[in-house]
Amino acid sequence: MPSASRKKNKGKDRKAKKAEAERVANYNTWRGWASGRIMRATIEHVKCSHGLVTIIPDLSHPVSSFITEYFLRNNIRDTLQTNESVWNNVDYWKLARDILIRITTTHLLDNEFVTAVTQTHI
């Protein structure tokens with residue numbers, strides 16, 4: 001019979017794997033948005049780079065970690081406190097700003113998003 005600590009460690013491992021899978025899925029979603037793509041049922045609805053030349057860093061980069069964590073938590077204050085390196089480095093801050101502008105522009109160009117926002121605010 002496995003010991004209690006072994007079961008506890010397996011539980012922690014499963015939880016960590018689940019959290020990492022969620023983090024990667026979130027990164028892939030916002031990376032697509034920042035690349036000018038919105039996918040619905042495997043059909044690409046928007047494809048535009050909006051004239052911005054922004055390199056989207058891999059998941060290990062501090063800016064990617066910041067944006068991924070923001071979309072997971074949806075709380076800018078907590079995200080700023082845990083990712084101070086982004087706000088202490090001007091280049092990282094500018095990159096984060098540019099990526100967030102691209103994501104917002106992609107959603108504004110998406111007809112379904114505009115229609116949904118318009119209907120809820122009328």
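Okay, let's start with a definition: helices (H or I, at least four residues) and strands (E, at least two) are DSSP runs, numbered from the N terminus. Counted that way, the protein chain has six helices and two strands. Their order from the N terminus is α-β-β-α-α-α-α-α.

Before going on, a word on what we're looking at. This is a predicted model, where local features need pLDDT of at least 70 and side-chain atom pairs count only at pLDDT 80 or more, while totals for chains, interfaces and linings use all residues. Residues are numbered from 1 along each chain as its sequence is written, and side-chain values use heavy atoms, with hydrogens and water left out.

Now, the inside. Buried means under 20% relative accessible area, exposed means over 50%, and partly exposed is in between (1.4 Å probe, protein chains only). Of the 122 residues in the protein chain, 25% are buried. A nonpolar core is a set of buried Ala, Val, Leu, Ile, Met, Phe, Trp, Tyr and Cys residues joined through side-chain atoms within 4.5 Å. The largest one here has 13 residues, and Trp30, Ala34, Val63, Ile67 and Ile99 have the most contacts inside it. Helix H1 (4–34), helix H2 (62–73) and H5 each bring at least two residues to this core, and H5 gives the most, with four.

So who does Trp30 touch? Contact means heavy atoms within 4.5 Å. Leaving aside neighbours within four places in sequence, Trp30 is in contact with Ile56, Ser64, Ile67, Thr68, Phe71, Ile99 and Ile103.

Next, the rings. Rings of Phe, Tyr and Trp (its six-membered ring) pair if their centres lie within 6.5 Å; planes under 30 degrees apart are stacked, over 60 edge-to-face, and the rest tilted. There are four aromatic pairs in the structure. One of them is Tyr27 with Trp30, edge-to-face, at 5.3 Å centre to centre and 90° between the planes. These two sit about one helical turn apart, because they are three residues apart in helix H1. Are they buried or exposed? Both Tyr27 and Trp30 are buried.

Then look at Trp87 and Trp93: with centres 6.0 Å apart and planes at 65°, this pair is edge-to-face too. Trp87 is partly exposed because its relative accessible area is 32%, and Trp93 is partly exposed at 36%. You'll find Trp93 in helix H5 (residues 90–109). Phe66, Trp87 and Trp93 form one aromatic cluster.
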